[in-house]
Amino acid sequence: MTEGKKLLIIDDDPDFVEGILSILENAGYEVETAYNPKDGFAALESKRYDLLLLDIMMGRGAEGIMIARKMRKDPKLREIPVLIITGIREQIAYLFPGQPVHPHFVEVDELVEKPVEPDFLLERVSALIQAAEDRQAEGK
Amino acid sequence: MGEAKSKILIIDDEEVVLDSCTQILEGGPYHVATSMDGAFGMELVQEFQPDLVFVDLKMPGIPGFEVLDRIHGFDPTIVAIVITGYATVSSAVEAIKKGAYDFLPKPFTPDEFRVITRRGLERRKLVLETTALKREREMLREHFAAIVSHELKSPIGAVQQNLLALEHELSDQLNEDQGNRLKRMKSSINDLLELIHTWLRVISADADINKLRENFQSISVETVISKAIESVQPHAIRKDIDIVSSIEESLDPVFGDEITLMEALVNLIGNAIKYSRMGSQIHVRADEEEDYILIAVSDRGVGISDEDLPFIFGDFYVGKSAPEAERGSGLGLAITRRIVEAHEGSISVESALDKGSTFMIRLPFLNTDRHNEPVLDTGILVNN
């Protein structure tokens, strides 16, 4: 199920990344990492990934959102499922005031809070990849 | 800064008053400017930026009261003293109500003028110092929020993530003792993260609440209460506590934010659970009263002593009678109060030691023209 699936993590906190990287690699995923939005987007454009794990608060602010917005505009990148992993509820409430749920950035996305339980992480990653594949199979 | 001369502006239609005042202040550490009417006086207020302004109440053109208003509109830290004709104490009182610092009845002696000038300037110094302190406190608040959030939260979050990963990876290799130690680490780190969240909530509370107001909408009190009860139910079950709610039927909606109001209630009901004995009951009640909705949370727990009562809504208050294991950050009630006040409501408490406490939140209705429906107690027993 996880074999051959390629994931990308974009997060500017290497210590945190290590904590999810090992969970995902142990589960059999092939995982690449980018520690800033620029490298992250370059990787997205140059390779094909089955899922992106994206941090929101990077650099000078919510630079993760910039990536998500750019992805939405790209017909190919829009199809990649995104798992948004973010620091605090409050920050989300602040970015999207009044919205109990975050707005959808791309076709298949979901938001989880840091830190994230390993089993829950694996379950969501696999569910999102599945959902994106189902969408593809249906031809949208 | 200490060497700078104080700037004094005198606005009076009598030239002789302007001249004599200028003369009295001559040679002192002052810059003096004068105007014979309110319009030019206001121009000077903006150009000259005085520390202290004397305003004659009775002038042709813009009246003195109006000048007073405009000065405070321009810069509320400018100290204004009104000059009044004899026997017009009532207008002097009126001026002080409008924000004038003091009044000077005409005629006055040079000494009287010097003394009131000195007092006015001292006042100005205090006002400026207070403003500076307030600004400093705001900076500290913002700064502290940034430090807490970035310097503490991220690394602690990363530690937690790695603990979670380690536990997952080593799950079949750890012996029971090692597993337990890992669990305790996780739980301590989790407490720390919760504490940081709470700090951040308080520190940014004022800003958040203002932002919140922009998104207020009509919300059902009943929904908020049942969601809050649902969220604390696991704690209640653990202590074998019944939460009994009686919500008046068809309560008017209130204008607010569901999530934060729920947080306020979760804090109150959570406290009630914390300070209740095993196996007791907590009542949550909501009724319409006159022009507000009253939500009351009552417990039969340890209660609050009279000496503690005045402080419980302040920051970092922790009840002395709190069971050791249940100690919190001491911010729950402070946050609750802020949330309730942001909803134009009020919060109060009645408590007796060893008998229990009742916290009451009063929220104004959204709809005031609708009439009360007949009261119907639903008396839902939520737990058991």
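Two strands are taken to pair if DSSP finds at least two bridges between them, and the strands themselves, like the helices, are DSSP runs numbered from the N terminus (E over at least two residues for strands, H or I over at least four for helices). In this sense strand 3 of chain A and strand 4 (residues 82–86) of chain A pair in parallel over four bridges. The model is a predicted one, in which local features need pLDDT of at least 70 and side-chain atom pairs count only at pLDDT 80 or more, whereas totals for chains, interfaces and linings use all residues. Residues are numbered from 1 along each chain as its sequence is written, and chains are lettered from A and ligands numbered from 1 in the order in which they are written.

Chain A contains five helices and five strands, and along its sequence these follow the pattern β-α-β-α-β-α-β-α-β-α. The five strands form an open sheet in the order 2-1-3-4-5, with parallel pairing. Strand 2 and strand 5 (109–113) of chain A stand at the edges with a single partner strand each, so one side of each is left without a neighbour in the sheet. On average, neighbouring strands of this sheet are turned by 20° against each other, direction ignored; the axes behind this value are lines fitted to C-alpha atoms, for helices over the stretch in contact, and angles run from 0 to 180 degrees between N-to-C directions.

Strand 1 of chain A runs parallel to strand 3 and is joined to it by four bridges, with Leu53(A) as the bridge partner of Ile9(A). Towards strand 4 of chain A, Leu53(A) stands opposite Leu83(A), while Leu52(A) has Val82(A) as its bridge partner. A residue counts as buried if 20 or more other C-beta atoms, placed from the backbone, lie within 10 Å of its own, as exposed if there are 12 or fewer, and as partly exposed in between. By this criterion five of the five residues of strand 3 are buried. In a regular strand the side chains alternate between the two faces of the sheet. Here both faces are covered, with Leu51(A), Leu53(A) and Asp55(A) buried on one side and Leu52(A) and Leu54(A) on the other. Over chain A as a whole, 39% of the 140 residues count as buried.

Contacts, defined by C-beta atoms placed from the backbone and lying within 7 Å of each other, connect these elements across the sequence. Of the contacts in chain A with a separation of 6 or more, 71% are between residues 24 or more positions apart. Leaving aside neighbours within four places in sequence, Leu51(A) is in contact with Leu7(A), Ile80(A), Pro81(A), Leu83(A), Val125(A), Leu128(A) and Ile129(A).

A nonpolar core is a set of buried Ala, Val, Leu, Ile, Met, Phe, Trp, Tyr and Cys residues joined through C-beta atoms within 7 Å. The largest has 41 residues, and those with the most contacts inside it are Ile9(A), Ile20(A), Leu51(A), Leu52(A), Leu53(A) and Leu54(A). Elements giving two or more residues to this core include helix 1 (14–26) and helix 5 (118–137) of chain A, together with helix 5 of chain B. Its largest share, six residues, comes from helix 1 of chain A.

The contact between the chains takes 19 residues from chain B and 19 residues from chain A. On the chain B side, helix 5 (110–169) and helix 6 (176–203) each supply at least two residues, and helix 5 gives the most, with twelve.

Some backbone details remain. Most residues other than glycine have a negative phi, and most peptide bonds are trans.

Definitions and conventions: Contact = placed C-beta atoms within 7 Å.
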